[in-house]
Amino acid sequence: MIRKLIPLLALTAFSAFAQKPSTPQKPGMVSYTYRHSFQRDVAATLDTIKALGITDMEFSNLFGRTAQDIRKLLDERGMQCSSFGVGYPDFLNKTAEVAQNAKTLGAKYVRVAWIPHEGPFTLAMAEETVANFNRVGKILKEEHGLTFCYHNHGFEFEPYEKGTLFDYIVQKTDPNYVSFEMDILWTYFPGQDPVQLLEKYPKRFKLMHLKDLRKGVQGNLSGGTPVENDVALGTGQLPLPAIMKAAKKTSIQHYYIEDESPNIKTQVPQTIAYLKTLK
C-alpha cells in the first residue's frame, strides 16, 4: 500500500509546479461555465471541454466529488487544473483543507472571487480584506507552496483618494503572498479600463477571465448583472484586442474562458474561434 501511494503523492506534488501556461489563442476554461453539466456528470463534461481543444481548467467547485476523483478524471484525459477557486469563508477558516484539495488537483493557484459584504464596499472592509489576504496568502505560500489570487468582481472599484479601493487592496497587500486574477468583464462593468489597470500593475496579475458584455448594457458598482448579459467574445462591448495586447506584457500565466450565460453551446465555440483571430 505504501509503495502504491508514493508515486501518487509524487505526481501530486510535481504537477502543482509543472503546469503548462495557457494563452488567449489556447485558453483554459472556468468550471462555472459548465456548472449545470458538471453537476450531472463530471467525466462527460470534461470530455465536452476536451473536444473543444481545451485542456487547462480552473475549478471553483468539486461538484460533490473529491479532489482526488477529479484529478483522476483529468489525468485520464491529459488535462490539468491550474487554479482552484474557493469561497471566502473556506479561504479564511479551512485553509489547510483548501490547500490540500488544490495540491491534489495539481493546481498552483488558489483563487477567491467574492468578499461577502452588504451595501457599498468601504475602506474599513478593504482594510480587513488586506489583513486577511496577507495573512492567509502567507500561509498558502510558505506552508503549502501555493499562490493566492483575488478575482475582482466590480464592487471594489469604489472611489478612494486618487484611485479606487481596488488600488488600495493591490497597493497594501504583499506581492510575495497576494496576486490577482483579472476578470475583464468585472473590470469594465464598473467603469474601469482593463488596459490601464494591466499597465498599472503588470506584475500583480497572474490569471485572467475572458468574457464579454452585451452591447447597450450599462454598468455599475454592484458586482452583478443578469447572466444573459455574458456574450461571445468579440460580439460585446469590451476592447478585446487592446486588452490582450496589454495582457501579453504582464505576468499572466493562465487565461480562462468564462461564460455564465445559458447559451454556452453556441457562444463558447464562437469565443474560441474569435480568440484564434487575435494576434
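Buried means under 20% relative accessible area, exposed over 50% and partly exposed in between, computed with a 1.4 Å probe on protein chains only. The model is predicted: local features need pLDDT of at least 70, side-chain atom pairs count only at pLDDT 80 or more, and totals for chains, interfaces and linings use all residues. Residues are numbered from 1 along each chain as its sequence is written, and side-chain values use heavy atoms, with hydrogens and water left out.

Helices (H or I, at least four residues) and strands (E, at least two) are DSSP runs numbered from the N terminus. Helix α7 (residues 123-144) has 22 residues and spans 30 Å from its first C-alpha to its last, close to the 32 Å expected at 1.5 Å a residue; that expectation is 1.5 Å times one less than the number of residues. Its buried residues are Ala-126, Thr-129, Val-130, Asn-132, Phe-133, Val-136, Gly-137, Leu-140 and His-144. Among the elements covering them are α6 (95-105), β4 (109-112) and β8 (178-183). Just after α7, Gly-145 takes a positive phi of about 70°.

Glu-156 lies in the loop between β5 (147-151) and β6 (159-160). The side chain of Glu-156 reaches the backbone nitrogen of His-153 at 2.7 Å.

The structure holds zero disulfides, a disulfide being a pair of cysteine sulfur atoms within 2.5 Å. Cys-81 is in no disulfide, and the nearest cysteine sulfur, that of Cys-149, is 13 Å away.

| Cysteine | Burial | Relative accessible area |
|---|---|---|
| Cys-81 | buried | 1% |
| Cys-149 | buried | 0% |

Terms used. Polar contact = N/O pair within 3.5 Å; in protein donor to acceptor, adjacent residues only side chain to side chain. Contact = heavy atoms within 4.5 Å.
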